[in-house]
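Subject: Structure handover

Hello,

Here is the structure for your files. My notes on what was found in it follow below.

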Amino acid sequence: MTDLRATYRLQLSSGFDFGDAADAVPYLHGLGISHLSLSPVLASRPGSTHGYDVCDAHRIDDDLGGEGAFRDLVDRVHEHGMGIVLDIVPAHMAMHHTNDHWFDVLRFGPASRHASWFDIDWSREHGTTVDRVMLPVLGDHYGTVVDSGDLRVERCGHDLVIRYLDRIFPLSIASTARLIARAAHAETQHGDEPDPQNARGTSTQLALGDSPAEHVEAERTLA
């Protein structure tokens, strides 16, 4: 292991990626730098300029060149007898629709397997018994936004979502089930009450697709 003597911090972005960092290694080595101190390298919000809004902690950020370019940087650093210090902070996560863990919390609420990952103050205001996440994302009063057509329900992959401009939020499984039940009731035009169990199963299928493992988790959560 290389002794830590002097670090040089590099702020990575699509404008200064792993390849650019690798090109700078010989110069920094000549200055006596022992370690590169890199800003976050994990997959962040698309278009991020700083990397502190991580969306997937299991992947190297493609905007920085991806895993292959990162390995090339590591090899170049090691060739010069240097090391790398990574900036990894678990709290640096983005509330963005490309963050699957955040999406899961919005689907299942406090019962989500990822709920403890986020510092959420679940609020129950105005006498409601439903756990809610309050997010200040609307640019105007709710009624005005609805009338403008900027807030709408769409199908996105396996989910029914609320889209507001460039923001996407999945409907909870319970909300999706209610919509499906009402739609099925209207479609039959018979006056029979919709079956909530069938509606819930259909909404789970919509949200989770064909993954058996996730269906098991959903049934445990919704039980």
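This is a predicted model: local features need pLDDT of at least 70, side-chain atom pairs count only at pLDDT 80 or more; totals for chains, interfaces and linings use all residues.

Residues are numbered from 1 along each chain as its sequence is written, and side-chain values use heavy atoms, with hydrogens and water left out.

The protein chain has seven helices and eight strands; these are DSSP runs numbered from the N terminus, with helices being H or I of at least four residues and strands E of at least two. The accessible surface comes to about 13,300 Å², and 52% of that belongs to carbon and sulfur atoms. Areas come from the Shrake-Rupley method with a 1.4 Å probe, and for residues only the protein chains shown count as cover. Of the contacts (heavy atoms within 4.5 Å) with a separation of 6 or more, 55% are between residues 24 or more positions apart.

Helix 2

Helix 2 covers residues 66-79, which is 14 residues, and reaches 20 Å from its first C-alpha to its last. That is close to the 20 Å expected at 1.5 Å a residue, where the expected span is 1.5 Å times one less than the number of residues. Its buried residues are G66, F70, L73 and V77. They lie on the same side of helix 2, because they cover an arc of only 65° around the axis, the arc being that of the directions from the helix axis to the C-beta atoms. These buried residues pack against helix 1 (18-30), strand 2 (35-38), strand 4 (54-60) and strand 5 (83-86). The face turned away from the buried side carries the exposed residues R71, D72, H78 and E79. After helix 2 comes G81, with a positive phi near 70°.

Cores and aromatic pairs

A nonpolar core here is a set of buried Ala, Val, Leu, Ile, Met, Phe, Trp, Tyr and Cys residues joined through side-chain atoms within 4.5 Å. The largest one has 18 residues, and those with the most contacts inside it are L12, F18, L36, L38, V41 and L73. Helix 1, strand 2 and helix 2 each give two or more residues to this core, and the largest share, six residues, comes from helix 1. Apart from it lies another core of six residues, among them W102, V105, F118 and F169.

Rings of Phe, Tyr and Trp (its six-membered ring) pair if their centres lie within 6.5 Å; planes under 30 degrees apart count as stacked, over 60 as edge-to-face and the rest as tilted. The count comes to two aromatic pairs. In the pair F18 and F70, the ring centres are 5.3 Å apart and the planes are at 55°, so the pair is tilted. F18 is in helix 1 and F70 in helix 2, 52 residues apart, and the pair links distant parts of the chain. F18 is buried at a relative accessible area of 0%, and F70 also counts as buried, at 15%.

Loops

H97 sits in the loop between strand 5 and helix 3 (100-108) and is partly exposed at 26% relative accessibility. Neighbours within four places in sequence aside, H97 is in contact with F103, D166 and I168.

Regards

Terms used: Buried means under 20% relative accessible area, exposed over 50%, partly exposed in between (1.4 Å probe, protein chains only).
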